[in-house]
Amino acid sequence: MVIEYVGQNIRQMVADNREKRYAQEGIGSSYLFRVDHDTIIDATKCGNLARFINHCCTPNCYAKVITIEAQKKIVIYSKQPIGVNEEITYDYKFPIEENKIPCLCGTENCRGTLN
């Protein structure tokens with residue numbers, strides 16, 4: 001285990017409204033991470049360092065939803081030993097959409113987009 005992704009647990013409708021509000025407020029990045037069909041963790045204003053972990057097409061970590069005392073949590077686990085000063089990354093696994101988000105990971109096997 002590397003770190004838990006923490007923030008406020010919210011429903012999809014709340015996440016949609018917050019995403020619009022964040023854009024109106026000039027907040028360039030929102031940190032919304034889907035736990036399941038009904039729940040999203042919003043770490044935009046009250047998260048920890050996990051929200052700053054970058055995407056990579058060949059990551060050294062992965063995200064996993066676990067349940068502890070009937071509460072679902074997102075935990076980042078390492079796939080391999082991580083060296084000092086090595087960037088921690090995981091695959092965001094965004095759903096495929098028409099509007100593509102370019103990937104800048106620069107790895108040999110880069111897919112070119114996050115979605």
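Biologist: What does "buried" mean here?

Modeller: Buried means under 20% relative accessible area, exposed over 50%, and partly exposed in between, using a 1.4 Å probe and protein chains only. This is a predicted model, where local features need pLDDT of at least 70, side-chain atom pairs count only at pLDDT 80 or more, and totals for chains, interfaces and linings use all residues. Residues are numbered from 1 along each chain as its sequence is written, and side-chain values use heavy atoms, leaving out hydrogens and water.

Biologist: Is threonine 89 buried or exposed?

Modeller: Threonine 89 counts as buried, because its relative accessibility is 7%.

Biologist: Which residues does threonine 89 touch?

Modeller: Contact means heavy atoms within 4.5 Å. Leaving aside residues up to four places away in sequence, threonine 89 touches Ile53, Asn54, Cys56, Pro59, Asn60 and Cys61.

Biologist: Where does threonine 89 sit?

Modeller: Strands (E, at least two residues) and helices (H or I, at least four) are DSSP runs, numbered from the N terminus. Threonine 89 belongs to strand E8, residues 89-90.

Biologist: How do I read a sheet?

Modeller: Look for pairing: two strands pair if DSSP finds at least two bridges between them. Here, one open, antiparallel sheet has three strands in the order E1-E7-E6. Strands E1 (3-5) and E6 (61-68) each have a single partner strand, so one side of each lacks a neighbour in the sheet.

Biologist: How many bridges pair E1 with E7?

Modeller: Three bridges, in the antiparallel sense, with E7 covering residues 71-78. Isoleucine 3 stands opposite isoleucine 76 in E7.
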